[in-house]
Amino acid sequence: MSILYSRAAWRMRCAAAALSVVALALGSTASGQAATQHDEPWPQHGRDAGEQRFSPLARIHRGNVAQLGLAWSFQFSRPRGVEATPIVVDGVMYVTGAWSTVHALDARTGRALWAYDPQVPGEKAAHACCDVVNRGVAVHEGMVYVGTLDGRLVALDARTGRERWSQRTFPIEETRTITGAPRVAHGVVVIGHGGAEYGVRGYVTGYDARTGKRLWRFYTVPGNPADGPDGEISDMPLRDLAAPTWNGRWWQYGGGGTVWDSMAYDSELDLLYIGVGNGSPHNASVRSPGGGDNLFLSSIVALRPRTGAYVWHYQTTPGDAWDYTATQPIMLADLDIDGQRRKVLMQAPKNGFFYVLDRATGKLISAQKYTAVSWASHVDKATGRPQVAPGARYEKAPALVQPSQLGGHNWQPMAYDPRAGLVFIPAMESTAYMVGDGQFRFRPGVWNTGVVDPPMPPDPAMVAQARQAYRGYLLAWDPVAQREAWRVMHPGPWNGGTLATAGGLVFQGHNGGLFNAYDSASGQLLWSAPIRLHALGGPITYTIDGEQYVAVAVGLGTSLHLSGGVLMPPAEHAPERGRVLVFRLGANAPLPAATEPARAVVPPPAGALDAAAVARGAAQFARYCAQCHGGGGVATGVLPDLRSSPYLQSAALFRVPPLQGALRERGMPDFSAHLHSEDVEAIRSYLIAMARATLPAAPGKDEGARQP
Ligand code: CA
């Protein structure tokens, strides 16, 4: 559904670009200001194929960043979470909003050129662990590629937004979703998907960028041995390397290993690197009762992009049981290590170790803890394997584990400044209390982890205590020395991606509703803009006619459900649509007013509650509701806070959305196949108990979460 806002505006933009090219060719310096310059784009997801997110632009620098102001903003067409990194090519910004929508904007003015809405069915939201977000497009040779939440890889004409081709990467009914950005490597568009918590077998697929023809598919975990080889590409890695590391009947649970975010490409080595996710279910004793590494879970795998052929792998967390994905951003750089120039790959995955690998061979160069880590003591340099700590395996006895499933670092992009020699990581400290589910039974289509989700006790003191265990900070990390250079503490965990520039700056948004610039050498705060929303995705920078812009997509975060019922409230508790905010020196546009009023708080109904029903409701809520509505019913702003929902007022009213599908198109699935009316009433009892116990500390007024 492409909407062409203004073809005339587009033509003028192209004409202006053509004129500036002519002026450049003639060596014109006619302007009294800066000479007409080549526009500096942000052409790929991580700016370059190695995803360093470092810009050589220095017009905005330490000395003048304080003069940065809002130049323009653009409001997304659909509400809910925003995680995108925009791309800027030829003066046009391509950015994605919720529900896989794509917007093309004039990067100088924010004027809308076209919009594309793939019309994802609302019900598909039920298969998304973490809201209906999208992290961006790829742009290549006049085409814009987007993966849609419901599984399509779509190529759009960059000029008009019209569909050029569309390929289904999985059947819509499967519990997979695409939220990551496609990457183009060697003329091949590559896309994966998420869904490991719902019981799927992960893969990535390569398509010819021009025609959309499917070229190959690489499965990250073995299938049912009885089914034979997958038949598309060499079965060697799965048969000879992966299959011997699994046992039991893992294929019944999918096995996991989804590639839902990170990839990077080295064109010289012609290697595509993919980051592979956690096991399905999380509990390894369910998935593979005899143990085993369970390749290629939690691994970085190097592939040939033209064929999908396996080249090497490195597993960060053998036999993963903690949701320790290796899907965090992969970054390529050349570093001087022990007197040698090394082509390295760097990653700060969820498990809390910062890895430096030789990217030609996959061999470990070094790994050190970049955050609080309790599950392993160290990574052995000779074998590349972690030494798992006694007691970290919770399958038989409950365990406190650091980091939690949230990770020491999640999908939020990190940046590398090669001049400063520092990687800037949106890092976290977190602790999970993990208990294996001895009664685990696989339930197709819903959350399946094999871990008891401990219901949050309706006790504000415990909530506050749990929250304090979660900390978030901007970490400057020296990847050669493998040590911290500096850190800046934030009000809480789950902060934004980073951008580094040659102006000596690091840009990052944090969950207190600010977008900041820091001195990359010291971490000193140099500039701060209130943005009211969360800047989670990667900021970018680019120039048009010599003017440098800094852009970031902002929104209400995601439906963040944290272990132990720990949640971060949004800066403002209103169902506001996200925006793109673009800054330049000397601009002073006001931040647009909120589009929606804050939600009203309806007090919970009176009356005695049955303790057994509250407990049962807590367990049901954790299984069926918490992924979208938040632990303890505390929404993060993307969805209504169920504790104060008007539906809570009567049992008859509360049954309508889950059992009659009344809100299906808004993304609330029909749960009648999973829940009976007694279950729904138990969930209502639980929410009433939560409301009574915790509403005074409602999101938006939470002091505990705002302390450093
Ligand atoms: Ca996961």
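1. The buried residues of helix H5 (611–624) pack against helix H6 (626–629) and helix H8 (677–694); contact here means heavy atoms within 4.5 Å. Those buried residues (under 20% relative accessible area, with exposed over 50% and partly exposed in between, for a 1.4 Å probe and protein chains only) are Ala613, Val614, Gly617, Ala618, Gln620, Phe621, Ala622, Arg623 and Tyr624. H5 has 14 residues and reaches 20 Å from its first C-alpha to its last, close to the 20 Å expected at 1.5 Å a residue; the expected span is 1.5 Å times one less than the number of residues.

2. A word on the basis of all this: the model is predicted, with local features needing pLDDT of at least 70 and side-chain atom pairs counting only at pLDDT 80 or more, while totals for chains, interfaces and linings use all residues. Residues are numbered from 1 along each chain as its sequence is written, and side-chain values use heavy atoms, leaving out hydrogens and water. Helices (H or I, at least four residues) and strands (E, at least two) are DSSP runs, numbered from the N terminus.

3. Do have a look at strand E40 (579–585), where 6 of 7 residues are buried. E40 pairs in the antiparallel sense with strand E3 (68–75) over 7 bridges, and also with strand E39 (547–554), antiparallel again, over 5 bridges. Pairing requires at least two DSSP bridges between the strands. Leucine 70 stands opposite phenylalanine 583 of E40, and alanine 553 has valine 580 in E40 as its bridge partner.

4. Phe583 also belongs to the largest nonpolar core, which has 41 residues. Such a core is a set of buried Ala, Val, Leu, Ile, Met, Phe, Trp, Tyr and Cys residues joined through side-chain atoms within 4.5 Å. Met93, Phe507, Phe515, Trp527, Tyr542 and Phe583 have the most contacts inside this core. Strands that each supply at least two of its residues include E3, E39 and E40, and E39 gives the most, with 6. Leaving aside residues up to four places away in sequence, phenylalanine 583 touches Leu70, Phe515, Trp527 and Val552, among others.

5. Finally, there is an open sheet of 5 strands, in the order E2-E34-E35-E36-E37, with mixed pairing. Strand E2 (54–55) and E37 are its edges, each pairing on one side only. E2 and strand E34 (498–501) run parallel over 2 bridges, with serine 55 opposite threonine 501 in E34.
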